Amino acid sequence: TLGVAAWVRGGKILRAPNLPEFKKLEEVVDFQLVNDANCFAFYAAHVTGFSNVFAVTLGTGVGSGIVVNGKLYEGHGLAGEIGHVFAGGNEKCVCGGTGHLEAFFSGWAIKGRFGRELVRDELLNYQGFDVLCREVASTIMILDPECVAFGGRISMMLEEEDFKVGIEKYLMPEFEPEFVVIKDALAIAKGAALLAALGGE
């Protein structure tokens, strides 16, 4: 199993906005392709012990995955693409769309706007973080997960309380997920290995 930052349906890449050259590998290598955020979500459920998890990866882009009753939920293949929901404005996204969440709060968006990565305090005071929290809150109210897990390079600079405070102001009080930051640079690879070993459950 190979976790890849791409939109995968039926084991085939539909699009890979942050990895435009990756699709060529499909023709020469035999492997099972799984969206990287889905691999992370599966790993997050495994290490936290929660059966219903919404997981968000914050790195070059913004990805997310869903685990329901201990099983990876992929819908028709593209479930959990929070990075490309419309969050407002007309910022251009790498996928070609405009106003997507990823255009507000992702590694490429932050680098494009500031010319460098931001440190924790800068991230928390950046308007894009508030946009992220709002969109995650909306998803929480749709899925009602037991746990919201964050991973990826940007998430690992933040703490559970940072996400909790930022997101809860947009949540109805009845929604009380556990917020977890998984500070493991190999989480996606470990999730891919678990998916290969356990078959998605």
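This is a predicted model: local features need pLDDT of at least 70, side-chain atom pairs count only at pLDDT 80 or more; totals for chains, interfaces and linings use all residues.
**Entry 1, D130 and its partner.** I started with D130, which counts as partly exposed at 26% relative accessibility. What does the side chain of D130 meet in a salt bridge? I found K169 there, with 3.0 Å from N to O. The pair links distant parts of the chain, 39 residues apart. K169 sits in the loop between helix 5 (160–168) and strand 9 (178–181), while D130 belongs to helix 4 (residues 127–143). I also looked up the accessibility of K169: this residue is exposed, with a relative accessible area of 56%. The cut-off for exposed is over 50%, so K169 passes at 56%, whereas D130 at 26% falls in the partly exposed class.

Next I checked K183, whose side chain meets that of E159 in a salt bridge (2.8 Å, N to O). K183 lies in the loop between strand 9 and helix 6, and E159 in the loop between strand 8 (147–151) and helix 5, so this pair ties together parts that are 24 residues apart in sequence. Are these two buried or partly exposed? K183 counts as partly exposed at 44% relative accessibility, and E159 also counts as partly exposed, at 33%.

How many salt bridges does a search of the whole structure find? I noted ten. One of the pairs is E122 with R116, whose closest N and O atoms are 2.7 Å apart. Both partners are partly exposed: E122 has a relative accessible area of 28%, and R116 has 40%. I also came across a network of salt bridges that links R120, D121 and D162.

I then followed the chain on to helix 6, residues 187–198. This helix has twelve residues and reaches 16 Å from its first C-alpha to its last, close to the 16 Å expected at 1.5 Å a residue. Which residues of helix 6 are buried? I listed A187, G191, A192, L194 and L195. They cover an arc of only 160° around the axis, so they lie on the same side of helix 6. On the face turned away from that buried side I found the exposed residues A196 and A197.

Key:
Residues are numbered from 1 along each chain as its sequence is written. Side-chain values use heavy atoms; hydrogens and water are left out. Helices (H or I, at least four residues) and strands (E, at least two) are DSSP runs, numbered from the N terminus. The expected span of a helix is 1.5 Å times one less than its number of residues. Buried means under 20% relative accessible area, exposed over 50%, partly exposed in between (1.4 Å probe, protein chains only). The arc is that of the directions from the helix axis to the C-beta atoms. A salt bridge is a side-chain nitrogen of Lys or Arg within 4 Å of a carboxyl oxygen of Asp or Glu.
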